[in-house]
Amino acid sequence: MSTHLILGGARSGKSAYAERLASVLELPVTYIATAQVYDDEFAKRVEHHKTRRPPYWGLVEAPFNLGQTLLDNDAPDTCLIVDCLTLWLAQCICPDCDKPERLDWQAEKQALLAALPQLQAHVFLVSNEVGMGIVPLGEINRQFQDEQGRLNQHVASVANQVSFIAAGLPLKLK
C-alpha cells in the first residue's frame, strides 16, 4: 500500500500534481470523482479536469461511501486518485446536498480511515487546506472548516506521504 495525501488551496495545482504522479507509475488508473455538479460554473471546472486526464483512465463517480468505493476498486499494481476529499466532506455534512437519508459523517469518515490501510493500490488523495484563513461566519461553515482540518489530520496520520502544493509547487511534509 502506498497512500499519498496531497493538500493545497483552491487552484493550487493539487489535482494536476496527483495526475502527474499517477502517470509516472505507468499503471492502470481509476479516477474517483467525489463531486456532484449543481451549477454551470462548477460543470466547467469538472470539464477542465476531465479534459486533462487521459481517456483510457477509468472513472468512478462516488459522492458518498468513499471507503467502500476504494475497497471495491482496489487491486495490486493499480492506481487510485480521489479528487477530492473536500467535496466529499461538504456533500456529507451539508443539509441541503442531495444525499442518502441519515448519512452519518462520522461513520463515513471512519469507513474511509479503516479502508486506507487495507488498500493494495497506489492511492493519491487530493484535499483542500481550508484552515489558513479567518474563522468563517455561520455554524455550517465553521463545522466544515473544523471537520476538514480533522479529516486532513486523520488521513495524514495513516498516509505514507503528504505533500502541500502552493502555486503548483510541491512541498514534502511527510
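**Exercise 1. Place Ile-32 in the fold: which strand holds Ile-32, is Ile-32 buried or exposed, and what does Ile-32 touch?**

Step 1. Ile-32 is found in strand E2; helices (H or I, at least four residues) and strands (E, at least two) are DSSP runs, numbered from the N terminus. A quick note before going on: this is a predicted model, where local features need pLDDT of at least 70, side-chain atom pairs count only at pLDDT 80 or more, and totals for chains, interfaces and linings use all residues. Residues are numbered from 1 along each chain as its sequence is written, and side-chain values use heavy atoms, with hydrogens and water left out.

Step 2. Check the accessible area: Ile-32 has a relative value of 0%, so Ile-32 is buried (under 20% relative accessible area; exposed is over 50%, partly exposed in between; 1.4 Å probe, protein chains only).

Step 3. Skip the neighbours within four places in sequence, and the contacts of Ile-32 include Val-60, Leu-66, Leu-70 and Ile-81 (contact means heavy atoms within 4.5 Å).

**Exercise 2. Describe how H4 and H5 pack: at what angle do the axes cross, and which residues meet?**

Step 1. The axes of H4 (residues 85-93) and H5 (residues 105-115) come within 9 Å and cross at roughly 150°. Axes are lines fitted to C-alpha atoms, for helices over the stretch in contact, with angles from 0 to 180 degrees between N-to-C directions.

Step 2. H4 and H5 are therefore roughly antiparallel (angles over 145 degrees; under 35 is roughly parallel, 65 to 115 roughly perpendicular, the rest oblique).

Step 3. From H4, Leu-85, Trp-88, Leu-89, Cys-92 and Ile-93 meet Trp-105, Glu-108, Lys-109 and Leu-112 of H5. By class that gives 7 nonpolar, no polar and 2 charged residues (Ala, Val, Leu, Ile, Met, Phe, Trp, Tyr, Cys and Pro count as nonpolar, Asp, Glu, Lys and Arg as charged, the others, Gly among them, as polar).
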